[in-house]
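Good morning. Please look at the sequence and the structure on the screen, and I will walk through them.

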Amino acid sequence: MADPNDFNDYLPEQKPEEYSIEIPADQSPLNLDQVPSGQDVMGRIEQRGMAYSRLSRGLAPWWILISGWVVFGGLALGLLKMALAGNVLSWVLLGIVVLPLIILAQGTLAKVSARS
């Protein structure tokens, strides 16, 4: 009959200091600033709000600010020219086009003041 301690002859000897317990690192918290889904109506509204918020805080790149000034500024100048000619609908459209210009102005001022 085999001695019960014979199996220790086939295993490597382990020293007590080699025993260790691995503790995983703290996991980072969930990202609460996830981009909402654009598939539903509320998700699209939230995406637009996030874009306007980033734009007004000056977090948008320069090329977006400049192209926004060109597009919306050109529309505003064209509608201003039509409104001065006496078209009432042009005044309403001019008021709508001025809103993105205000957001662009905030973003441009924030971007310039951050650089200074």
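I will start with helix 2, and with its inside. The residues Leu 65, Gly 68, Gly 73, Ala 76, Leu 79 and Ala 83 of helix 2 are buried. Keep in mind as I go on that this is a predicted model.

Now the overall layout. The protein chain has three helices and zero strands. Read from the N terminus, its elements run α-α-α. The chain has 116 residues, and 17% of them count as buried. Its accessible surface comes to about 10000 Å², and 64% of that belongs to carbon and sulfur atoms. If we take the contacts with a separation of 6 or more, 56% of them are between residues 24 or more positions apart.

Next, the segment before helix 1. Pro 36 lies in this segment, and helix 1 itself covers 41–56. Is Pro 36 buried or exposed? Pro 36 counts as buried, because its relative accessibility is 14% and the cut-off for buried is under 20%. What does Pro 36 touch, once residues up to four places away in sequence are not counted? The answer is Gly 43, Glu 46, Gln 47 and Met 50. Pro 36 and Gln 47 are 11 residues apart along the chain, and 6.5 Å separates their C-alpha atoms.

Ser 37 is also found in the segment before helix 1. At 42% relative accessibility, Ser 37 counts as partly exposed. Leaving aside neighbours within four places, Ser 37 is in contact with Gly 43, Arg 44 and Gln 47.

Now a check on helix lengths. Helix 1 has 16 residues, so at 1.5 Å a residue it should span 22 Å. Its end C-alpha atoms are 23 Å apart, which agrees. Just after helix 1 comes Gly 58, with a positive phi of about 85°.

The check can be repeated for helix 2, residues 62–84. With 23 residues, helix 2 should span 33 Å, and its end C-alpha atoms are 32 Å apart, so this agrees too. Helix 2 is followed by Gly 86, which has a positive phi, near 115°.

Let us return to the buried residues of helix 2 and take one of them, Ala 76. Ala 76 counts as buried because its relative accessibility is 9%. Which residues does Ala 76 touch, not counting those up to four places away in sequence? They are Leu 94, Val 97 and Leu 101. From Ala 76 to Leu 93 the distance is 8.6 Å, C-alpha to C-alpha, and the two are 17 residues apart in sequence.

Which element gives the largest share of the nonpolar patch? That is helix 2, with six residues. Ile 66 is exposed, because its relative accessible area is 52% and exposed means over 50%. As a general point, an α-helix has 3.6 residues a turn, so residues three or four places apart point the same way.

Last, helix 3, residues 88–115, which is where Lys 111 sits. Is Lys 111 buried or exposed? At 13% relative accessibility, Lys 111 counts as buried. Its side chain reaches the backbone oxygen of Ala 60 at 2.8 Å. Leaving aside neighbours within four places in sequence, Lys 111 is in contact with Gly 58, Ala 60, Pro 61, Trp 62 and Leu 65.

A polar atom of the Ser 113 side chain lies 3.1 Å from the backbone oxygen of Ala 110. Ser 113 and Gly 58 are 55 residues apart in sequence, and their C-alpha atoms are 9.2 Å apart in space.

That is the end of my part. Thank you.

Definitions and conventions
Residues are numbered from 1 along each chain as its sequence is written. This is a predicted model: local features need pLDDT of at least 70, side-chain atom pairs count only at pLDDT 80 or more; totals for chains, interfaces and linings use all residues. Side-chain values use heavy atoms; hydrogens and water are left out. Helices (H or I, at least four residues) and strands (E, at least two) are DSSP runs, numbered from the N terminus. Buried means under 20% relative accessible area, exposed over 50%, partly exposed in between (1.4 Å probe, protein chains only). A polar contact is a pair of N or O atoms within 3.5 Å; within protein, one must be able to donate a hydrogen and the other to accept it, and residues adjacent in sequence count only if both atoms are side-chain atoms. Contact means heavy atoms within 4.5 Å. The expected span of a helix is 1.5 Å times one less than its number of residues. Accessible areas come from the Shrake-Rupley method with a 1.4 Å probe; for residues, only the protein chains shown count as cover.
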